[in-house]
Amino acid sequence: AGVKIAFGTDTGVSAHGDNAQEFALMVKAGMTPLETIRAATINAAEALGRSDLGVIETGRVADIVAVRGNPVQDVTLLENVAFVMKGGVVVKRGE
């Protein structure tokens, strides 16, 4: 219907850290994996009025996660983050 969807939750019933399971639920509901990733990045930043977030670009906030594999082919890969950079500093590096 053309409505932008932003990834997020106000649920109080799931364990902290389990929210990545939402990607698969969004795909099951009819979104493509890429649309769910955009919902969690670009669209969420826009919904918050934060033009400094949501994209990887010089001069932006360097908060990045990476997974092993292609989440556009298998969105459940986002449930197992292998690499995290927060503010330009690596805080988790996979083996």
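This is a predicted model: local features need pLDDT of at least 70, side-chain atom pairs count only at pLDDT 80 or more; totals for chains, interfaces and linings use all residues.

Trainee: OK, how many helices and strands in the chain?
Mentor: The chain has three helices and three strands. Along the sequence they come in the pattern α-α-α-β-β-β.

Trainee: And how compact is the chain?
Mentor: Its radius of gyration is 14 Å, close to the 12 Å from the globule rule for 95 residues, so the chain is as compact as a globular protein of that length. The C-alpha trace spans about 35 × 30 × 30 Å along its principal axes.

Trainee: How much of the chain is buried?
Mentor: Of the 95 residues, 18% count as buried.

Trainee: Which residues make up the largest nonpolar core?
Mentor: There are nine: Phe 7, Ala 20, Phe 23, Met 26, Met 31, Ala 39, Val 67, Val 75 and Leu 78.

Trainee: What does Phe 23 touch?
Mentor: Leaving out residues up to four places away in sequence, Phe 23 touches Phe 7, Thr 36, Ile 37, Ala 40, Val 75 and Leu 78.

Trainee: Which residues lie nearest its centre?
Mentor: Ala 40, Thr 41, Asp 63, Ile 64 and Val 65, out of 26 lining residues.

Trainee: How does that lining divide into nonpolar, polar and charged?
Mentor: The lining has 21 nonpolar residues, three polar and two charged.

Technical notes:
Residues are numbered from 1 along each chain as its sequence is written. Side-chain values use heavy atoms; hydrogens and water are left out. A nonpolar core is a set of buried Ala, Val, Leu, Ile, Met, Phe, Trp, Tyr and Cys residues joined through side-chain atoms within 4.5 Å. Buried means under 20% relative accessible area, exposed over 50%, partly exposed in between (1.4 Å probe, protein chains only). Contact means heavy atoms within 4.5 Å. On a 1 Å grid over the protein atoms alone, a cavity is a set of points where a 1.4 Å probe fits but cannot get out, and a pocket is an open set with protein on both sides within 12 Å along at least five of seven lines; lining residues have an atom within 4 Å of a point. Ala, Val, Leu, Ile, Met, Phe, Trp, Tyr, Cys and Pro count as nonpolar, Asp, Glu, Lys and Arg as charged, and the others, Gly among them, as polar. Helices (H or I, at least four residues) and strands (E, at least two) are DSSP runs, numbered from the N terminus. The radius of gyration is taken over C-alpha atoms; the globule rule is 2.2 Å times the number of residues to the power 0.38.
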